[in-house]
Amino acid sequence: MPYLGSEEVVKELRRALSNPNVQADRLRYKNYITKVIRYMTQGLDVSALFMDMVKASATVDIVQKKLVYLYMCTYASDKPDLALLAINTLRKDCADPNPMVRGLALRNMCNFRMPGMTEYIEQPIVAGLRDKASYVRRVAVLGCAKMHSLQPNTEIDGTIVNELYALLRDPDPVVVVNCLRALEEILKDEGGVVINKPIAHHLLNRMKDLDSWAQSEVLTFLLRYRPRSDDELFDILSLLDAFLLSSHAHVAVATLRLFLHLASAHPTVQADALLRTSAPLLATCGAASRELRFAGLCHVQQVMRSQPGLFGTHYKRFFCGYSEPSYIKFRKMEILVELVNDENVALVLEELRSYCTDVSPELAQAAIAAIGRIARTYSEKCLDILTGLLGLKQDHITSAVIQTFRDLVWFCPQSTAAVCQTVGACVDSPQDSEGKQALLWLLGEHGDQISSAPYVMEGYIDGLKTELSSAVKMELLTAAVKMFLCRPAETQDMLGRLLHYCIEEESDVCVRDRALLYYRLLQRGVEETRKVVTGPKSDPSMSVLTGRQEEPISEWDSTFNTLGPLAGCDLCPQTAATSAADQPSYDAEEEISLSLGPPLSHETFEKMWLDLETLHRQTLGFPRPRAAPDTLQAALQLVKIQTLAFTPGDTVPWKAYIYTRSTETLILAELLQGDQQAPGSDESLVVSVKQQPVNHMLLNLFFFFFALYDISLLTSTCMLQ
Amino acid sequence: MINDYIFILKAVCHTLTQTSSHQVLICRNYKGDVDMSEIDHFFTLLMQQEEEGLLCPVMSHGNVHFLWIKHSNLYLVATTNKNSNASLVYSFLYKLVEVFTEYFKELEEESIQDNFVVVYELLDELMDFGFPQTTDSKILQEYITQQGNKLEVAKTKVPTTVTNAVSWRSEGIRYKKNEVFIDVIESINVLVNANGSVMSSDIVGSIKLKTMLSGMPELRLGLNDRMLFALTGDKGKTTVTMEDVKFHQCVRLSRFESDRTISFIPPDGESELMSYRINTHVKPLIWIESVIEKFSHSRVEIMVKAKGQFKKQSVANNVEIRVPVPSDADSPKFKTSTGHAKYVPEKNLVVWSIKSFPGGKELLMRAHFCLPSVENHETEGRPPITVKFEIPYFTVSGIQVRYMKIIEKSGYQALPWVRYITQSGDYQLRTNT
């Protein structure tokens with residue numbers, strides 16, 4: 001490799017480059033220069049040749065020039081003093097009659113990342129901005145941004161900024177977009193380039209001349225513009241219309257984002273835009289390039305958060321191809337779960353079933369989990385499939401099925417009997433700790449319904465010495481105690497052995513402490529233990545909520561078409577466009593208001609509800625609203641209150657769970673009517689409020705909004721009649 | 001959209017130590033915001049995710065995001081520290097692949113190393129300071145040529161297209177004989193599940209041009225009515241609707257919307273004028289019935305019946321039916337009614353190729369393999385049977401070119417030639433075993 005004897009190589013190259021015979025023969029000379037660049041690419045330090053290379057830049061051969069420039073840009077920051085020598089040549093080239101040479105020299109001069117460059121490049125850049133060749137103007141405009149990035153903390157040069165704004169009217173489309181890009185960089189600290197009405201409309205009118213990259217970027221810049229009136233808004237939307245169906249996926253998606261943003265006050269327009277982009281979005285999901293396909297799927301997932309039905313009929317498009325990479329398959333399965341309805345459930349399940357036996361265990365497990373999700377609505381069919389999978393006797397499948405059963409029983413208690421029957425009949429047990437934990441949980445929780453439960457558990461207790469995972473041991477302790485409470489005669493002996501082992505011989509301190517805790521608890525008596533261990537479970541009335549709610553578009557449109565949804569996490573929303581305009585200005589005194597914020601999952605809500613203490617309970621002076629659930633939900637959203645769940649229709653007691661946010665605090669509330677245990681609840685609503693963290697100031701505010709809700713509700717129901 | 005770097009990397013496998021590393025073939029630093037050594041994290045992340053089976057085309061390390069695509073054994077990686085538009089970055093990376101492929105025929109390690117000067121030149125013109133600049137390979141080819149090292153002093157004129165109004169065609173093109181070749185190509189995608197029902201099927205069509213015309217000609221393409229109705233989504237008059245119709249940027253969309261004429265100034269040479277997709281139930285043109293019987297420890301018997309479900313007058317050419325076999329199979333024996341079968345052990349496939357397959361015919365192939373008596377413990381997937389074919393003079397959708405008018409101000413006579421081909425796209429039939 002060139003790393004060995006690099007000095008030799010450099011010496012030899014220098015000898016060749018300075019040889020007058022070589023210099024006379026252009027072809028040979030250039031071959032040596034190419035050789036230098038090749039070594040540079042391979043990571044060899046050839047910076048010692050700087051002087052010889054500078055000399056080589058004085059040539060009429062444009063390719064040779066490019067090579068030398070590339071060399072200089074790479075080493076300029078290491079050898080600033082020598083680089084200064086090259087500047088004269090470059091400045092001379094900036095005045096060359098050939099625009100290609102002018103552009104090239106200017107671009108490379110701006111790429112020298114070394115201090116003190118500004119004074120040399122400023123004049124050529126300003127001249128370049130007024131060059132008659134658009135090629136040079138393009139380079140000069142970006143040069144302004146490069147110059148600024150060399151000295152990020154200096155005063156912004158007003159004349160250059162003005163000149164750039166003026167160049168937005170340039171006939172060359174690339175110059176126009178480069179101006180926007182440069183201004184954005186230069187004015188970063190002041191919130192980026194300002195898009196006022198004339199600029200916005202100018203850009204909109206130039207859109208069709210731009211290449212697809214530029215279109216995408218201009219659309220992102222336009223997010224910053226707020227139309228003054230509805231007429232203007234609709235003018236803009238009709239100009240943008242054609243781009244919704246652009247042949248470039250990234251343009252179509254960027255247009256959709258702008259549409260959603262501009263039309264945020266017109267839900268019907270938003271819905272229409274989503275409907276019309278559904279075809280191009282679906283097309284992206286079948287794109288030849290798998291990365292684009294992946295991006296398309298992520299976008300579809302976001303759209304489905306608000307319009308779950310939009311892709312319902314196209315579910316077959318989300319069936320996985322054999323050779324697709326697993327990241328695509330995972331996304332497709334997630335989408336399929338959301339798309340299931342009465343008509344397609346049989347086909348979707350059949351498809352998912354075939355993925356369960358995939359070679360990749362991760363994929364198989366994901367498919368099983370997906371069937372588990374569908375089972376919350378279509379239990380019977382799914383349980384048949386899952387039970388069938390147990391018959392395959394594959395470790396990873398058995399484990400995944402058992403875990404799915406555990407979650408299913410938790411979310412969908414009516415399937416408990418069927419699950420217990422299957423688990424009871426299942427002979428092999430999972431081998432990995434996740435699966436073991438799931439099985440133990442099921443045995444503990446529903447031991448009364450699984451006849452073989454004590455024998456299975458005894459097996460685990462006997463094999464305790466060889467068990468490595470402490471999580472499994474903890475689960476075993478809990479399960480054994482629960483089982484003891486419902487089947488004491490069969491369990492007492494083994495529970496004793498288990499506790500003894502865990503307290504006396506176990507090395508893991510967590511397991512030991514847990515065992516001690518149960519031991520002391522049991523000393524206080526069986527009833528006391530029962531109260532603690534078998535606390536409240538999942539509320540069966542919650543089961544109405546399994547269907548996912550439609551979220552408002554505003555929940556996700558700010559991250560649409562960014563990296564966030566692809567990476568699967570919330571990246572800081574630092575997209576160029578939104579940072580400047582959408583930041584609400586905070587006044588000196590902090591304003592308290594409610595906001596919707598990210599939605600809570602049912603699981604988190606439930607956990608928090610059980611964990612938190614009731615802060616306040618109040619009987620309201622009016623009975624529960626009689627409106628249909630979706631009207632009620634919409635009315636509540638108007639006052640920024642999210643609905644998690646309702647009991648259906650006229651059930652008594654009637655319950656609803658709602659939540660909202662205010663600055664840092666999450667407010668959870670339960671509405672209750674007609675509960676025998678709560679006094680005063682038979683005629684009017686009782687509200688219980690919990691907060692995390694507690695903030696008493698917010699409490700009053702909440703009720704203020706609550707009164708508002710009553711009013712808004714009345715109006716909305718009146719409107720419906 | 002700001003890329004700090006574009007890297008082209010190569011994965012290097014050390015078979016002895018079972019570890020992989022990487023080698024940067026070409027790297028271009030556009031902005032200088034991100035340190036170059038960040039790329040080391042890319043490969044660590046890649047290896048880690050690959051092991052966990054959770055590969056993702058976006059990876060993050062700190063606030064640096066890597067967006068990558070893989071082309072043969074090369075990785076093209078863009079790094080950014082902005083929360084940018086992902087589809088745009090991927091499109092750009094694929095654009096790079098496209099441009100390089102047009103320059104070097106094939107983008108691979110050797111072609112990059114042999115042409116690294118041109119690669120640098122291209123990377124310089126394609127993007128500046130992290131923003132895409134000139135990406136049209138036709139235009140790039142006018143001022144960056146592979147013959148660059150021939151040392152031409154004259155080669156310093158700015159091509160007109162760099163500043164031209166019609167950015168996709170330069171002025172002053174001359175041909176002795178003026179001709180346009182129009183190819184109408186439809187690819188059929190079919191997925192059939194193991195019990196023989198068609199899960200999904202669609203047609204992806206495209207009209208490709210090879211233009212050899214002088215000057216700045218104005219072209220008008222006429223399609224049959226049925227297709228035009230489908231194109232404009234006129235529901236009353238047709239049963240097919242086209243989704244996802246895309247035109248080349250040269251087509252005047254306003255004219256198309258007002259009077260349904262497709263008029264344009266074509267780019268020189270080869271280009272795709274339009275593409276469309278029809279999502280409809282297509283009868284699979286070649287139907288496959290297969291019986292794969294696996295007798296553990298002894299043998300596998302395969303019977304494949306192929307039926308041409310298209311017009312008797314048409315013929316499917318270069319048909320290839322690829323049937324998967326277990327990886328430990330050996331001693332193949334074949335019997336075919338037409339064509340010949342070949343065992344490709346490195347892909348675990350039997351490839352049955354038939355030169356010409358007339359419509360309505362039914363052909364048969366039997367294969368017999370031995371299996372070792374020692375059982376293979378590795379579980380294998382169940383790859384589908386895939387089919388490749390080409391049917392000339394025929395389109396499934398019924399699209400037809402009615403006319404192609406060519407008008408140029410010098411008034412020359414030009415000839416349009418039309419060809420129709422239907423071919424297989426993603427054509428898969430799942431198997432039972």
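A salt bridge is a side-chain nitrogen of Lys or Arg within 4 Å of a carboxyl oxygen of Asp or Glu. This tour begins with such contacts and then turns to the interface, the aromatic rings and the backbone.

The model is predicted: local features need pLDDT of at least 70, side-chain atom pairs count only at pLDDT 80 or more, and totals for chains, interfaces and linings use all residues. Residues are numbered from 1 along each chain as its sequence is written, chains are lettered from A and ligands numbered from 1 in the order in which they are written, and side-chain values use heavy atoms, with hydrogens and water left out.

**Stop 1: a bridge between the chains**

Select B:E125 and A:R107. Their side chains meet in a salt bridge, with 3.0 Å from N to O. The pair crosses between chains: B:E125 belongs to helix α4 (residues 116-126) of chain B, and A:R107 to helix α7 (residues 99-111) of chain A. Helices (H or I, at least four residues) and strands (E, at least two) are DSSP runs, numbered from the N terminus. Both B:E125 and A:R107 are buried; buried means under 20% relative accessible area, exposed over 50%, and partly exposed in between, with a 1.4 Å probe and protein chains only.

**Stop 2: the interface**

Next, display chain A and chain B together. Contact here means heavy atoms within 4.5 Å, and 83 residues of chain B are in contact with 76 residues of chain A. The size of an interface is often given as the accessible area lost when the parts come together. Buried area is the accessible area (1.4 Å probe) that two parts lose on being put together, summed over both. For chain B and chain A the value is about 6900 Å², with 57% of it on carbon and sulfur atoms.

Five salt bridges are counted between chain B and chain A. To view another bridge, select A:K66 and B:E121, whose closest N and O atoms are 2.7 Å apart.

Polar contacts may be displayed next. A polar contact is a pair of N or O atoms within 3.5 Å; within protein, one must be able to donate a hydrogen and the other to accept it, and residues adjacent in sequence count only if both atoms are side-chain atoms. Across the interface of chain B and chain A, 17 residue pairs are in polar contact, both residues being at pLDDT 80 or more.

On the side of chain B that touches chain A, the elements that give two or more residues include β2 (19-29), β4 (64-71), α2 (86-104) and α4 of chain B. The greatest share comes from α2(B), with eight residues. Colour this side by residue class: 37 residues are nonpolar, 26 polar and 20 charged. In this scheme Ala, Val, Leu, Ile, Met, Phe, Trp, Tyr, Cys and Pro count as nonpolar, Asp, Glu, Lys and Arg as charged, and the others, Gly among them, as polar.

**Stop 3: bridges within a chain**

Over all chains, the structure holds 40 salt bridges. In chain A, select A:D172 and A:R138, which meet in a salt bridge of 3.0 Å from N to O. This pair links distant parts of the chain, 34 residues apart: A:D172 is in the loop between α10 (158-167) and α11 (173-186), and A:R138 is in helix α9 (residues 134-150). Both A:D172 and A:R138 are buried.

In chain B, select B:E320 and B:R322, whose side chains form a salt bridge at 2.8 Å, N to O. B:E320 is partly exposed because its relative accessibility is 24%, whereas B:R322 is buried, with a relative accessible area of 19%.

**Stop 4: aromatic rings**

Rings of Phe, Tyr and Trp (its six-membered ring) pair if their centres lie within 6.5 Å; planes under 30 degrees apart count as stacked, over 60 as edge-to-face and the rest as tilted. The count comes to 22 aromatic pairs over all chains. One of them joins B:Y103 and B:F104, a tilted pair with 6.1 Å centre to centre and 55° between the planes. Both residues, B:Y103 and B:F104, are buried. Then select B:F42, B:F43, B:F66, B:W68 and B:Y75, which form one aromatic cluster.

**Stop 5: positive phi**

Go to B:F129, in the loop between β6 (127-128) and β7 of chain B. B:F129 has a positive phi of about 55° although it is not a glycine, and is buried at 2% relative accessibility. B:S331, in strand β17 (residues 330-336) of chain B, is likewise not a glycine and has a positive phi of about 40°. At 38% relative accessibility, B:S331 is partly exposed.
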